[in-house]
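Subject: Structure handover

Hello,

I am passing a structure over to you. Please open it first, then read the notes below.

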Amino acid sequence: MAKILAIDDEEDILALIANILRRDRHEVITRSEVTEIRPEAFQGYDLILLDVMMPHVDGFELCRKIRGYVSCPILFLTAKSDEEDVVNGLMHGGDDYIAKPFGVKELSARVNAHLRRETREKSLSRLTVSGISFDFDLKEVWVGDQPVRLTPNEYKICELLVRRRERVFTREEIHEEIYGIDGEALFTTITEFIRSIRSKFKAYGVSPISTVWGVGYRWDND
């Protein structure tokens, strides 16, 4: 059983979400408005469902402000289908989005898939490659003694590439690893994540991700 926070200004939507996820034996807390952003109010959850278009606060902006304080998956509930809007939301720390109107099975499957990925056991190990250190247990990345602040999806991409740095990953393969085979996030979000990761590492004078033109991306060993 997971503890899930659902935020939407439509009471009918909240009731539907609660009914669906409680059938899966999850604890569901609902909020119909956010008038004050206090990060501690969003902590302690295993997953957050967040409406994008609310009267008092923009869902993308709310995600950006709380992402540094919560590590659980954040899934957007949105009627927006514009590519730029979706990319903007995911680049602000969201993990996925569910388009409205959504079906019962879709919501249940998407939420439970993210919860499974979060609880998947990983070996407790560390790795240092060319001065960049990974703690796979704590999900932290360091250049020398300086921490690199990555979003959860940026970290997932880095871990995927560094663990299997002997091969090149296509954008589609990275997308599937991050969002699952049925993930609806746009492939272009992967390009944006890579650009953001490179920018963050560049600040420390390193450039670990190479583009293999016409194929995809790989982690440099040198």
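Start with the largest pocket. Its lining draws at least three residues from each of domain 1 (2-123) and domain 2 (130-219). Those bounds come from an automatic or database domain assignment.

Before the rest, some ground rules. This is a predicted model: local features need pLDDT of at least 70, side-chain atom pairs count only at pLDDT 80 or more, and totals for chains, interfaces and linings use all residues. Residues are numbered from 1 along each chain as its sequence is written, and side-chain values use heavy atoms, with hydrogens and water left out.

Back to the largest pocket. It holds about 620 Å³ of space. Its lining has 23 residues, and Arg67, Lys139, Leu150, Thr151 and Pro152 are the closest to its centre. By class, ten are nonpolar, five polar and eight charged. (Nonpolar covers Ala, Val, Leu, Ile, Met, Phe, Trp, Tyr, Cys and Pro; charged covers Asp, Glu, Lys and Arg; the others, Gly among them, are polar.) Strand 8 (140-143) and helix 5 each give at least two residues to this lining. Helices (H or I, at least four residues) and strands (E, at least two) are DSSP runs, numbered from the N terminus.

A word on method. On a 1 Å grid over the protein atoms alone, a cavity is a set of points where a 1.4 Å probe fits but cannot get out; a pocket is an open set with protein on both sides within 12 Å along at least five of seven lines; lining residues have an atom within 4 Å of a point. Points are joined across faces, edges and corners, and volume is the space filled by probe spheres set on them.

Now the cavities. There are two of 30 Å³ or more. Helix 4 has the largest share, three residues.

Next, the domains. Their centres, taken over C-alpha atoms, are 23 Å apart. The contact (heavy atoms within 4.5 Å) takes 16 residues from domain 1 and 21 residues from domain 2.

Last, Asp51. UniProt lists it as "modified residue: 4-aspartylphosphate", in an unreviewed entry. Such annotations may be inferred rather than shown by experiment. Asp51 lies in strand 3 (residues 47-51). It is buried (under 20% relative accessible area, 1.4 Å probe, protein chains only), at 3%. Not counting residues up to four places away in sequence, Asp51 touches Ile7, Asp8, Asp9, Gly59, Leu77 and Lys100.

Best wishes

Notes: Buried < 20%, exposed > 50% of the residue type's maximum accessible area, 1.4 Å probe, protein only.
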